[in-house]
Amino acid sequence: MTQTWTSNFAVAVEEVIDGAFDVAPDPARDGIVIWNSDGRLSAYNRAIFGLFDLPDGTLSLGMEERDIHSLQSSYGDAKFLNGSGAAQLDGSGAPGSGNEYWRAVLQSGRVVRVDTRPLRQGGVATVIADMSESPSRPVVEEEAAVLRKTIEDCPLGALVLSCDSNRCLVANSALVTWLGEDFIKTLAEIAPQPVGENTDRLEAVLTDPEFSARLADYEVQCTAADGETHWILLSGSSLEFEGCAARIIWFRDISVRRRQAHDLQIKVADKTQQLEEALHRADLASLAKTQFLANMSHELRTPLNSIIGFSDLLQKEMFGPIGSERYTEFVQHIHSAGAHLLELINDILDVSRIELGEMGLKEDLFDLGRSVSATIAMIRPKLAEKSQHFTAELPDRPVGFTGDERQIRQVLMNLLTNAVKFTDTNGEIALRLTIDPEEGAVLEVKDNGMGIRASDLDRVLNPFEQATDETYSRSIEGAGLGLYLTQAIAKSHGGDLKISSQLGVGTIVTVTLPATRIEPLG
């Protein structure tokens, strides 16, 4: 501690006030007093006596505010020692106005800046800085004039209001032309007050110093001098204007932008409505198509059953020999083609039922392993025709499963039929059924056939889609309904279907059925 200070602190006064001020005061030039949290004088420097023309011994540690008041009769400037003295303010601010400092004129005519700040450990520090070395009045006036001209020449509307009374300090021509002089006068007649919930009213926004001084791209509506309603984008900030605590608010007309945005919203809404109507029409068309397919499927099954039935009778020569062997061959073709067509019609009918939401489940408890074995027996003739090597891995005990047995058999038949069709002669096909307590029943069919390109894996699950285009070596007969129906049946049982494939290597199709459907057989 130096002789500059008189203090009862155990540490240097500079450490006590460190960080309290934006710019550290100079104890050799600025007058500094420190009050503790009990309101007693804890430290002061020698410069304070020179600034206030106080004789030595006027101040002493431990003095209270009332002691300062008693000094004012003899030394009027002593009132500034506790950071007050509103009678000497020159309009640049006041205690409690939100400013931390203000200017005052001492009895000697000296202009000082009084700055009071709270301390971290409690109490306050007041710094009285001599402004005699500040820029001369002509320089200050010149700077103020430049600022005024800058605001006046700005093409945006600009308004400078004092914080203490809402007095209009500057309103540039752009703003007056736009909003009118009456609007500016009205603001000055309204005392500063909180905006409250009136944040959509321009007058309320501007007359709250706290709110309008920190505006950042705030949008509000108002009626301009031409009687039209405009949208305004406001930006505000605080400033010291010609020695007065003030705030400046910039006004930008965004009515055109808002109208364009509104027009765009209307266009988007119209387009959205048009798309919704188009989707509705598409849904109706799809529903009509589905109903047509369902009706036609029913209509076509009747004559097809007759064709298949009568051709079967001719094949068996129930009522005598046909005669020519060529006729017998033709009858076999008729029977085979009719059976294939009936299979396609049945698949289309199932698709129609799915899309109409009419494909219900006829659930019952059955042995899943036995059902799989029966389906394998049905596919073996096709396997034999292409000399394909087939292996099956099934559980060695009955597996109770609750579901639609016919549909589960159709799942396996579709998978095995696809494997046979897309696998070359002498190829390999493997089936595996595993039961997992958590995953459930997992049915996997694997082949080393032509495989599916990665980009086609999602497409082949759509109805009437096949992975047979110019990138594949050949095209395979079929309507492209097998995988779509298989996935639909799996999902209707609460399961799922996954495909793993590589072009030219082979395909693995896995159907998982939930564990909740597995239960012991009676």
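Biologist: How many bridges join E17 to strand E18, and do the two run parallel or antiparallel?

Modeller: Keep in mind that this is a predicted model. Seven bridges join E17 to E18 (residues 506-513), and the two strands run antiparallel. To see one spot in that pairing, look at Ser501, which stands opposite Thr507 in E18.

Biologist: Which strands form the open sheet, and in what order?

Modeller: The order is E13-E15-E16-E18-E17, five strands with mixed pairing. Strand E13 (389-393) and strand E17 (496-502) are the edges, each pairing on one side only. From one strand to the next, the twist averages 10°.

Biologist: Which helix packs on the sheet and touches E13?

Modeller: That is helix H12 (residues 405-421), which also touches E15 (428-436), E16 (440-447) and E18; its direction makes about 20° with that of E16. Helix H13 (residues 482-492) packs on the sheet too, touching E17 and E18, and its direction makes about 140° with that of E17.

Biologist: Now the rings. How many aromatic pairs does a search of the whole structure find?

Modeller: It finds four. One of them joins Tyr44 and Phe49.

Biologist: Why is the pair of Tyr44 and Phe49 called edge-to-face?

Modeller: Planes over 60 degrees apart count as edge-to-face. The planes of Tyr44 and Phe49 are at 70°, with ring centres 5.9 Å apart, so the pair is edge-to-face. Both residues are buried.

Biologist: What is the geometry of the aromatic pair Phe52 and Phe80?

Modeller: Phe52 and Phe80 form a tilted pair, 6.4 Å centre to centre with 45° between the planes. Phe52 lies in helix H2 (residues 47-52) and Phe80 in the loop between helix H3 (65-71) and strand E4 (101-105), so the pair ties together parts 28 residues apart in sequence.

How values were computed
Residues are numbered from 1 along each chain as its sequence is written. This is a predicted model: local features need pLDDT of at least 70, side-chain atom pairs count only at pLDDT 80 or more; totals for chains, interfaces and linings use all residues. Side-chain values use heavy atoms; hydrogens and water are left out. Two strands pair if DSSP finds at least two bridges between them. Helices (H or I, at least four residues) and strands (E, at least two) are DSSP runs, numbered from the N terminus. Axes are lines fitted to C-alpha atoms, for helices over the stretch in contact, and angles run from 0 to 180 degrees between N-to-C directions. Contact means heavy atoms within 4.5 Å. Rings of Phe, Tyr and Trp (its six-membered ring) pair if their centres lie within 6.5 Å; planes under 30 degrees apart count as stacked, over 60 as edge-to-face and the rest as tilted. Buried means under 20% relative accessible area, exposed over 50%, partly exposed in between (1.4 Å probe, protein chains only).
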